Amino acid sequence: MAEGLSNVACFSITTLLVVSLANLVLLMFLILEWRNNCISDGESIDSAYRIGALQGGNKQLSNSITRNSVNFDQKFMAALVMFKEVSSSLICGTIIVSKFWVLTSANCCYLIKGQPLERLKVVSNSENWKRGKKHSIENFVIHANYTAKSLSYNVCLIKTGSPFKEQNELPAFLASSYYHYITDTLATTLGWSSNKATTNNNIYSLDINLISFQRCQTLIKDHHVDKTMVCAYNIETHDCRFDSGGPLIQNNIVIGIASYEINCDKRIMPRLFTRISFFEKWFELVEKEHNVKINATFKY
Ligand SMILES: *[C@@H]1O[C@H](CO)[C@@H](O)[C@H](O)[C@H]1NC(C)=O
Ligand SMILES: *[C@@H]1O[C@H](CO)[C@@H](O)[C@H](O)[C@H]1NC(C)=O
(Lines give C-alpha, C1' and ligand atoms only; values in the text may rest on other atoms or scores of the structure.)
(Ligands and ions follow the chains in the order given, each with its own letter.)
Protein backbone atom coordinates (compact mmCIF):
# COMPACT_ATOMS: atom_id res chain seq x y z
CA MET A 1 0.00 0.00 0.00
CA ALA A 2 2.69 2.44 1.09
CA GLU A 3 4.73 1.42 -1.89
CA GLY A 4 1.74 2.05 -4.20
CA LEU A 5 1.23 5.53 -2.80
CA SER A 6 4.85 6.52 -3.19
CA ASN A 7 4.73 5.28 -6.77
CA VAL A 8 1.82 7.59 -7.43
CA ALA A 9 3.59 10.46 -5.69
CA CYS A 10 6.74 9.76 -7.63
CA PHE A 11 4.79 9.70 -10.90
CA SER A 12 3.06 12.98 -10.01
CA ILE A 13 6.31 14.70 -9.15
CA THR A 14 7.93 13.44 -12.36
CA THR A 15 4.97 14.69 -14.40
CA LEU A 16 5.08 18.04 -12.60
CA LEU A 17 8.80 18.36 -13.31
CA VAL A 18 8.42 17.48 -16.99
CA VAL A 19 5.53 19.93 -17.44
CA SER A 20 7.44 22.68 -15.61
CA LEU A 21 10.51 22.08 -17.74
CA ALA A 22 8.44 22.16 -20.90
CA ASN A 23 6.90 25.46 -19.80
CA LEU A 24 10.31 26.89 -19.02
CA VAL A 25 11.59 25.91 -22.47
CA LEU A 26 8.49 27.44 -24.08
CA LEU A 27 8.95 30.63 -22.09
CA MET A 28 12.60 30.91 -23.11
CA PHE A 29 11.67 30.29 -26.72
CA LEU A 30 9.03 33.03 -26.56
CA ILE A 31 11.47 35.48 -25.01
CA LEU A 32 14.09 34.74 -27.65
CA GLU A 33 11.56 35.08 -30.45
CA TRP A 34 10.35 38.39 -29.04
CA ARG A 35 13.94 39.66 -28.82
CA ASN A 36 14.60 38.64 -32.43
CA ASN A 37 11.55 40.53 -33.60
CA CYS A 38 12.60 43.61 -31.69
CA ILE A 39 16.05 43.50 -33.21
CA SER A 40 14.89 43.06 -36.77
CA ASP A 41 12.35 45.89 -36.41
CA GLY A 42 15.04 48.21 -35.21
CA GLU A 43 17.34 47.31 -38.05
CA SER A 44 14.89 47.43 -40.90
CA ILE A 45 15.68 51.02 -41.83
CA ASP A 46 19.43 50.49 -41.68
CA SER A 47 19.13 47.61 -44.07
CA ALA A 48 17.78 50.10 -46.62
CA TYR A 49 21.33 51.28 -46.94
CA ARG A 50 22.42 47.78 -47.70
CA ILE A 51 19.85 47.38 -50.41
CA GLY A 52 20.86 50.91 -51.18
CA ALA A 53 24.39 51.94 -51.48
CA LEU A 54 26.71 50.42 -48.97
CA GLN A 55 27.10 46.86 -50.15
CA GLY A 56 30.67 47.08 -51.27
CA GLY A 57 31.77 50.56 -50.30
CA ASN A 58 34.69 50.45 -52.69
CA LYS A 59 36.43 53.75 -52.02
CA GLN A 60 39.13 53.67 -54.68
CA LEU A 61 36.49 53.11 -57.29
CA SER A 62 34.34 56.04 -56.22
CA ASN A 63 37.25 58.42 -56.69
CA SER A 64 37.73 57.46 -60.30
CA ILE A 65 34.10 58.03 -61.20
CA THR A 66 32.98 61.05 -63.13
CA ARG A 67 29.92 62.03 -61.25
CA ASN A 68 27.50 63.74 -63.58
CA SER A 69 25.75 66.60 -61.95
CA VAL A 70 22.14 66.52 -63.04
CA ASN A 71 20.41 69.58 -64.32
CA PHE A 72 17.26 69.20 -62.40
CA ASP A 73 15.09 68.40 -65.36
CA GLN A 74 14.15 65.01 -63.96
CA LYS A 75 11.21 66.46 -62.11
CA PHE A 76 9.61 63.08 -61.52
CA MET A 77 12.31 62.15 -59.02
CA ALA A 78 11.18 61.96 -55.38
CA ALA A 79 12.65 60.49 -52.20
CA LEU A 80 11.12 58.21 -49.61
CA VAL A 81 12.24 59.59 -46.26
CA MET A 82 11.81 58.53 -42.64
CA PHE A 83 11.58 61.35 -40.10
CA LYS A 84 12.49 61.00 -36.45
CA GLU A 85 12.52 63.68 -33.75
CA VAL A 86 15.48 65.60 -35.07
CA SER A 87 16.88 63.51 -37.88
CA SER A 88 15.70 62.20 -41.20
CA SER A 89 16.98 59.25 -43.17
CA LEU A 90 16.73 58.48 -46.83
CA ILE A 91 15.11 55.13 -47.45
CA CYS A 92 14.74 54.91 -51.22
CA GLY A 93 14.16 56.74 -54.44
CA THR A 94 10.68 56.95 -55.98
CA ILE A 95 9.22 58.10 -59.30
CA ILE A 96 6.24 60.46 -59.58
CA VAL A 97 3.78 58.86 -62.02
CA SER A 98 0.68 61.04 -61.52
CA LYS A 99 -0.85 63.66 -59.27
CA PHE A 100 -1.07 61.46 -56.16
CA TRP A 101 1.07 58.40 -56.93
CA VAL A 102 4.74 57.45 -56.93
CA LEU A 103 6.29 54.23 -58.12
CA THR A 104 9.09 52.44 -56.31
CA SER A 105 10.41 48.93 -55.71
CA ALA A 106 8.65 46.43 -53.46
CA ASN A 107 11.78 46.01 -51.35
CA CYS A 108 11.51 49.72 -50.50
CA CYS A 109 7.88 49.33 -49.44
CA TYR A 110 8.86 46.31 -47.35
CA LEU A 111 11.23 48.55 -45.42
CA ILE A 112 8.39 50.86 -44.40
CA LYS A 113 5.89 48.09 -43.73
CA GLY A 114 4.93 48.25 -40.07
CA GLN A 115 6.48 51.70 -39.60
CA PRO A 116 4.10 54.49 -38.55
CA LEU A 117 3.01 56.19 -41.80
CA GLU A 118 3.01 59.65 -40.20
CA ARG A 119 6.80 59.45 -39.90
CA LEU A 120 7.25 58.71 -43.58
CA LYS A 121 7.18 61.27 -46.37
CA VAL A 122 7.67 61.45 -50.09
CA VAL A 123 9.99 64.42 -50.69
CA SER A 124 10.04 66.08 -54.12
CA ASN A 125 10.42 69.40 -55.94
CA SER A 126 14.15 69.60 -55.24
CA GLU A 127 17.37 67.95 -56.32
CA ASN A 128 18.33 67.87 -52.64
CA TRP A 129 16.23 65.36 -50.74
CA LYS A 130 16.69 67.25 -47.47
CA ARG A 131 15.23 70.42 -48.91
CA GLY A 132 12.25 69.26 -50.93
CA LYS A 133 8.53 69.46 -50.42
CA LYS A 134 7.09 66.82 -48.08
CA HIS A 135 4.05 64.79 -48.99
CA SER A 136 2.31 62.53 -46.52
CA ILE A 137 1.73 58.88 -47.39
CA GLU A 138 -1.78 57.45 -47.33
CA ASN A 139 -1.18 53.93 -48.46
CA PHE A 140 0.92 51.64 -50.61
CA VAL A 141 0.36 48.58 -52.76
CA ILE A 142 3.07 45.93 -53.08
CA HIS A 143 2.81 43.51 -56.01
CA ALA A 144 1.07 40.36 -54.76
CA ASN A 145 3.70 38.08 -56.32
CA TYR A 146 6.60 39.76 -54.56
CA THR A 147 8.13 38.03 -51.57
CA ALA A 148 10.94 39.25 -49.35
CA LYS A 149 13.20 36.52 -50.74
CA SER A 150 12.30 37.04 -54.35
CA LEU A 151 14.02 39.32 -56.79
CA SER A 152 11.00 39.18 -59.11
CA TYR A 153 7.92 41.41 -59.24
CA ASN A 154 9.84 44.08 -57.37
CA VAL A 155 7.31 46.87 -57.73
CA CYS A 156 5.18 49.01 -55.41
CA LEU A 157 2.86 52.01 -55.78
CA ILE A 158 2.56 54.65 -53.05
CA LYS A 159 -0.42 56.99 -52.71
CA THR A 160 0.35 60.43 -51.28
CA GLY A 161 -2.00 62.61 -49.25
CA SER A 162 -1.24 65.80 -51.16
CA PRO A 163 -0.94 66.40 -54.92
CA PHE A 164 2.27 66.94 -56.90
CA LYS A 165 1.67 70.36 -58.42
CA GLU A 166 4.80 72.44 -57.84
CA GLN A 167 7.03 73.65 -60.64
CA ASN A 168 9.56 70.85 -60.12
CA GLU A 169 7.06 68.05 -59.66
CA LEU A 170 6.04 66.38 -62.89
CA PRO A 171 4.89 62.83 -63.66
CA ALA A 172 7.21 60.53 -65.63
CA PHE A 173 6.37 58.70 -68.83
CA LEU A 174 6.56 54.97 -68.22
CA ALA A 175 7.60 52.26 -70.69
CA SER A 176 4.48 50.60 -72.10
CA SER A 177 4.12 46.90 -72.93
CA TYR A 178 5.39 47.74 -76.43
CA TYR A 179 8.67 49.27 -75.33
CA HIS A 180 11.73 47.60 -76.90
CA TYR A 181 14.62 47.04 -74.56
CA ILE A 182 17.57 46.91 -76.92
CA THR A 183 20.77 45.23 -75.77
CA ASP A 184 23.89 47.43 -75.65
CA THR A 185 22.02 50.72 -75.65
CA LEU A 186 22.72 53.37 -73.06
CA ALA A 187 20.35 54.32 -70.25
CA THR A 188 20.67 56.60 -67.24
CA THR A 189 19.92 55.87 -63.62
CA LEU A 190 19.30 58.51 -60.97
CA GLY A 191 19.67 58.34 -57.23
CA TRP A 192 20.51 60.01 -53.99
CA SER A 193 23.29 57.87 -52.77
CA SER A 194 22.46 56.72 -49.29
CA ASN A 195 26.19 56.28 -48.86
CA LYS A 196 26.68 59.35 -46.73
CA ALA A 197 30.43 59.39 -47.21
CA THR A 198 30.13 60.28 -50.86
CA THR A 199 27.10 62.50 -51.09
CA ASN A 200 25.85 65.98 -50.32
CA ASN A 201 22.19 64.94 -50.53
CA ASN A 202 21.99 66.03 -54.15
CA ILE A 203 20.80 63.81 -56.93
CA TYR A 204 23.39 62.04 -59.08
CA SER A 205 23.17 60.26 -62.40
CA LEU A 206 25.02 57.36 -63.92
CA ASP A 207 25.03 56.03 -67.49
CA ILE A 208 24.82 52.29 -67.94
CA ASN A 209 24.30 49.77 -70.74
CA LEU A 210 21.37 47.43 -71.06
CA ILE A 211 22.49 43.82 -71.40
CA SER A 212 20.70 40.69 -72.57
CA PHE A 213 18.98 38.14 -70.34
CA GLN A 214 21.52 35.53 -71.40
CA ARG A 215 24.53 37.62 -70.52
CA CYS A 216 22.90 38.74 -67.27
CA GLN A 217 22.07 35.16 -66.29
CA THR A 218 25.60 34.02 -67.11
CA LEU A 219 27.03 36.72 -64.86
CA ILE A 220 24.53 36.25 -62.02
CA LYS A 221 24.87 32.55 -61.53
CA ASP A 222 23.03 32.06 -58.24
CA HIS A 223 19.83 33.98 -59.00
CA HIS A 224 17.21 33.39 -61.60
CA VAL A 225 16.80 36.30 -64.00
CA ASP A 226 13.26 36.54 -65.36
CA LYS A 227 10.86 38.56 -67.49
CA THR A 228 10.04 40.99 -64.68
CA MET A 229 13.61 42.34 -64.79
CA VAL A 230 16.03 44.17 -67.00
CA CYS A 231 19.79 44.09 -66.43
CA ALA A 232 22.24 46.90 -66.96
CA TYR A 233 25.94 47.04 -66.51
CA ASN A 234 28.87 49.32 -67.03
CA ILE A 235 32.26 48.46 -65.71
CA GLU A 236 33.61 52.02 -65.95
CA THR A 237 30.94 53.45 -63.71
CA HIS A 238 30.66 50.59 -61.29
CA ASP A 239 30.46 52.29 -57.93
CA CYS A 240 28.25 50.43 -55.46
CA ARG A 241 26.18 53.49 -54.73
CA PHE A 242 23.03 51.88 -55.85
CA ASP A 243 19.73 53.33 -54.67
CA SER A 244 16.68 51.14 -54.80
CA GLY A 245 13.45 52.60 -56.11
CA GLY A 246 15.03 55.15 -58.45
CA PRO A 247 14.47 55.30 -62.21
CA LEU A 248 16.30 53.87 -65.21
CA ILE A 249 15.69 56.29 -68.07
CA GLN A 250 15.98 55.99 -71.83
CA ASN A 251 14.52 58.31 -74.52
CA ASN A 252 12.94 60.35 -71.72
CA ILE A 253 10.92 57.33 -70.66
CA VAL A 254 11.33 55.55 -67.34
CA ILE A 255 12.00 51.94 -68.38
CA GLY A 256 13.16 50.47 -65.06
CA ILE A 257 13.16 50.78 -61.29
CA ALA A 258 16.44 50.22 -59.47
CA SER A 259 15.96 46.85 -57.86
CA TYR A 260 19.02 44.97 -56.63
CA GLU A 261 22.75 44.98 -56.82
CA ILE A 262 24.12 41.53 -56.20
CA ASN A 263 27.66 41.17 -54.82
CA CYS A 264 28.34 44.75 -55.67
CA ASP A 265 32.02 44.51 -54.75
CA LYS A 266 32.56 42.11 -57.64
CA ARG A 267 32.86 44.44 -60.58
CA ILE A 268 31.52 41.99 -63.12
CA MET A 269 28.07 41.94 -61.55
CA PRO A 270 25.23 43.63 -63.43
CA ARG A 271 22.51 45.66 -61.74
CA LEU A 272 18.95 44.45 -61.73
CA PHE A 273 16.07 46.77 -62.54
CA THR A 274 12.36 46.09 -62.50
CA ARG A 275 11.18 45.93 -66.12
CA ILE A 276 8.43 48.54 -66.17
CA SER A 277 6.93 47.44 -69.50
CA PHE A 278 5.97 44.15 -67.84
CA PHE A 279 3.74 45.97 -65.35
CA GLU A 280 1.46 48.14 -67.48
CA LYS A 281 -1.39 45.68 -66.91
CA TRP A 282 -0.65 45.55 -63.18
CA PHE A 283 -1.51 49.25 -62.88
CA GLU A 284 -4.98 48.43 -64.22
CA LEU A 285 -5.28 45.57 -61.77
CA VAL A 286 -4.41 47.85 -58.84
CA GLU A 287 -6.95 50.40 -60.06
CA LYS A 288 -9.63 47.72 -60.21
CA GLU A 289 -8.81 45.96 -56.96
CA HIS A 290 -8.47 49.12 -54.89
CA ASN A 291 -11.09 51.14 -56.73
CA VAL A 292 -8.67 54.01 -57.46
CA LYS A 293 -7.56 55.93 -60.55
CA ILE A 294 -3.79 56.13 -60.86
CA ASN A 295 -3.66 57.90 -64.23
CA ALA A 296 -0.06 57.04 -65.08
CA THR A 297 1.11 57.67 -68.66
CA PHE A 298 2.69 54.80 -70.60
CA LYS A 299 4.67 55.44 -73.76
CA TYR A 300 6.78 53.49 -76.23
C1 LIG B 1 1.74 36.01 -60.32
O2 LIG B 1 2.43 34.83 -60.74
C3 LIG B 1 1.61 33.88 -61.37
C4 LIG B 1 2.45 32.62 -61.59
O5 LIG B 1 3.71 32.92 -62.08
C6 LIG B 1 1.06 34.48 -62.65
O7 LIG B 1 0.24 33.53 -63.34
C8 LIG B 1 0.24 35.71 -62.30
O9 LIG B 1 -0.22 36.33 -63.48
C10 LIG B 1 1.08 36.69 -61.50
N11 LIG B 1 0.25 37.78 -61.04
C12 LIG B 1 0.32 39.01 -61.54
C13 LIG B 1 -0.60 40.01 -60.93
O14 LIG B 1 1.12 39.33 -62.40
C1 LIG C 1 -4.16 62.37 -66.03
O2 LIG C 1 -2.83 62.63 -66.47
C3 LIG C 1 -2.74 63.52 -67.58
C4 LIG C 1 -1.28 63.57 -68.00
O5 LIG C 1 -0.43 63.75 -66.92
C6 LIG C 1 -3.30 64.88 -67.19
O7 LIG C 1 -3.24 65.77 -68.29
C8 LIG C 1 -4.75 64.71 -66.71
O9 LIG C 1 -5.25 65.95 -66.27
C10 LIG C 1 -4.84 63.68 -65.62
N11 LIG C 1 -6.21 63.40 -65.28
C12 LIG C 1 -6.64 63.39 -64.02
C13 LIG C 1 -8.09 63.09 -63.82
O14 LIG C 1 -5.94 63.66 -63.08
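1. T104 is in contact (heavy atoms within 4.5 Å) with C92, G93, T94, C109, N154, V155, C156, I158, G245 and I257, leaving aside residues up to four places away in sequence. T104 belongs to strand β4 (residues 101-104). Its relative accessibility is 0%, so T104 counts as buried (under 20% relative accessible area, with exposed over 50% and partly exposed in between; 1.4 Å probe, protein chains only). A polar atom of the T104 side chain lies 2.9 Å from the backbone oxygen of G93.

2. This is a predicted model, in which local features need pLDDT of at least 70 and side-chain atom pairs count only at pLDDT 80 or more, while totals for chains, interfaces and linings use all residues. Residues are numbered from 1 along each chain as its sequence is written, chains are lettered from A and ligands numbered from 1 in the order in which they are written, and side-chain values use heavy atoms, with hydrogens and water left out.

3. Strand β10 (residues 204-211) is largely enclosed by the rest of the structure, because six of its eight residues are buried. Strands (E, at least two residues) and helices (H or I, at least four) are DSSP runs, numbered from the N terminus.

4. Strand β10 pairs (at least two DSSP bridges between the strands) with β9 (residues 186-191) in the antiparallel sense over six bridges; T189 has L206 as its bridge partner in β10. Three bridges join β10 to the antiparallel strand β11 (residues 229-233), where Y233 is the bridge partner of N209.

5. E280 is located in helix α6 (residues 280-290). Its side chain reaches the backbone nitrogen of S177 at 2.8 Å. Beyond four places in sequence, E280 touches S176, S177 and F298.

Definitions and conventions: A polar contact is a pair of N or O atoms within 3.5 Å; within protein, one must be able to donate a hydrogen and the other to accept it, and residues adjacent in sequence count only if both atoms are side-chain atoms.
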